[in-house]
Amino acid sequence: MNSQYPIPVVINGAAGKMGREVVKAVSQATDLTLLGAIDRNPEHQGKDAGELAGLPEPLEVPITDQLEPMLAMAGQERQIGVMVDFTHPSTVYDNIRSAIAYGVRPVVGTTGLSSTQIQDLAEFADKASTGCLMIPNFSIGMVLLQQAAVQASQYFDHVEIIELHHNQKADAPSGTALQTAQMLAELGKTFNPPQVEETEKLPGARGSVAAEGIRIHSVRLPGLIAHQEVIFGSAGQIYTLRHDTSDRACYMPGVLLAIRKVVQLKSLVYGLEKIL
Ligand SMILES: NC(=O)C1=CN([C@@H]2O[C@H](COP(=O)(O)OP(=O)(O)OC[C@H]3O[C@@H](n4cnc5c(N)ncnc54)[C@H](OP(=O)(O)O)[C@@H]3O)[C@@H](O)[C@H]2O)C=CC1
Ligand SMILES: O=C(O)C1=N[C@H](C(=O)O)C[C@H](O)C1
């Protein structure tokens, strides 16, 4: 592939909260070109993606709900095309398979896929020798939090995760909290050995166990964006790691990096930390 051409990018979910940020970020990057802006919302069909995202000038890229024709077009470009997906757990699996079928590289921010679906997509990408980046959290702060948590988990046997999000979020727990629990579980020990026999007077009061005894608690409230605490405890001490987002712009350096990296990959890679 010739890298003298900008990478054509199709954004799926372009009218959503994340999609609008990605429209702005991609349109401002000189090595990328916004080829298509997909969104199912009937209210936004035909609107200019740039104007919808709050840019002062139109980008002359209209919002359309036609994903497949747009992927077909991206698959015909001189440079490998990329589909960025920030949609919904109910549609992302099919979107990824379609993109790969058209030779377009998916960069997936949408969370809520099951581990079976992720495994299946990894096999599909592998067979097609097509790169796919699945990244539950694009912010550098979260990567650093997770690294610190992995380090701390060597010294603490008790840990719980609290994730807090806006109340428009479809999936619980968050993809990030699940990934964090998985990272700690990979250490090979079981956390939170029971100290007493517990009774939940209300089902779910103690959260849900993700892996190796690690519990995740999910909070949903208007006014929140995305936040996570990993709380370690041992006799006489508490060690708390916390990450807060105040603007979805925090994800954009990670999204742009992923777009540039995915065109070089031949299989599915999970997690921002793998491409830093
Ligand atoms: N990886 C990361 O760093 C981050 C990941 N996320 C994840 O990204 C995803 C999107 O988040 P966000 O932008 O906040 O969500 P929004 O609801 O704001 O945007 C989602 C967009 O996808 C559309 N959509 C919803 N359902 C479908 C469907 N079945 N088929 C096609 N399109 C659909 C929505 O349309 P409509 O308005 O009609 O519903 C909307 O335009 C979520 O899974 C979220 O968890 C979010 C932030 C960061
Ligand atoms: O829905 C969100 O907003 C977010 N979703 C991702 C997740 O589920 O981990 C990433 C971040 O927490 C924001």
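Predicted model: local features only at pLDDT ≥ 70, side-chain atom pairs only at ≥ 80, totals over all residues.
Where the domains touch, 11 residues come from domain 1 and nine residues from domain 2. On the side of domain 1 that touches domain 2, you will find six polar residues, four nonpolar ones and one charged one.

## The nonpolar cores

Now for the inside of the protein. In soluble globular proteins, nonpolar side chains tend to be buried together. In this model, the largest nonpolar core holds 55 residues. Val9, Val10, Ile11, Val84, Val255 and Ile259 are the ones with the most contacts inside this core. Helix H8, residues 252-262, gives the largest share of the core, namely six residues. There is also a second, separate core of 14 residues, and Ala177, Leu178, Ala181 and Phe191 are among them.

If we set aside neighbours within four places in sequence, the contacts of valine 10 are Leu35, Gly36, Ile38, Met70, Leu71, Ala74, Gly81, Met83 and Val104.

## Two helices that cross

Leu71, one of the contacts of valine 10, also takes part in a meeting of two helices. Helix H3 (residues 67-75) and helix H4 (residues 92-101) have axes that come within 9 Å and cross at roughly 30°. The crossing of H3 with H4 is right-handed. H3 brings Leu67, Glu68 and Leu71 to the contact, while H4 brings Asn95, Ser98 and Ala99. Sorted by type, the residues of this contact are three nonpolar, two polar and one charged.

Helix H4 also contains isoleucine 96. Is isoleucine 96 buried or exposed? Isoleucine 96 counts as buried because 27 C-beta neighbours lie inside 10 Å, and the cut-off for a buried residue is 20 or more. Away from its neighbours within four places in sequence, isoleucine 96 is in contact with Asp85, Pro106, Val108, Leu121 and Cys132.

## Backbone details worth a look

A cis peptide bond links alanine 172 to proline 173, with omega about -5°. Proline 173 sits in the loop between strand E7 (158-165) and helix H7 (175-185).

Two glutamates have a positive phi although neither is a glycine. For glutamate 60 phi is about 60°, and for glutamate 212 phi is near 45°. Glutamate 60 belongs to the loop between helix H2 (49-52) and strand E3 (63-64). Glutamate 212 belongs to the loop between strand E8 (208-211) and strand E9 (214-220). With 9 C-beta neighbours inside 10 Å, glutamate 60 is exposed, whereas glutamate 212, with 18 other C-beta atoms within 10 Å, is partly exposed.

## Sequence distance and space

| Pair | Apart in sequence | Apart in space |
|---|---|---|
| Glycine 175 and threonine 110 | 65 residues | 8.6 Å |
| Lysine 47 and phenylalanine 138 | 91 residues | 27 Å |
| Isoleucine 96 and aspartate 247 | 151 residues | 27 Å |

Let us look at two residues from these pairs. Glycine 175 is part of helix H7. Glycine 175 is buried because 20 other C-beta atoms lie within 10 Å, and 20 or more is what a buried residue needs. Leaving out neighbours within four places in sequence, glycine 175 is in contact with Thr111, Gly112 and Pro136.

Lysine 47 is found in the loop between strand E2 (32-38) and H2. How many C-beta neighbours does lysine 47 have inside 10 Å? The count is 18, so lysine 47 is partly exposed. Beyond its neighbours within four places in sequence, lysine 47 is in contact with Leu52, Pro62 and Ile63.

Notes:
Residues numbered from 1 in each chain as written. Chains lettered and ligands numbered in written order. Core = buried A, V, L, I, M, F, W, Y, C linked by C-beta atoms within 7 Å. Buried ≥ 20, exposed ≤ 12 C-beta atoms within 10 Å, placed from the backbone. Helix = DSSP H or I, 4+ residues; strand = E, 2+ residues; numbered from the N terminus. Contact = placed C-beta atoms within 7 Å. Axes fitted to C-alpha atoms, helices over the stretch in contact; angles between N-to-C directions. Left-handed = near helix turned anticlockwise from the far one by under 90°. Nonpolar A, V, L, I, M, F, W, Y, C, P; charged D, E, K, R; others polar.
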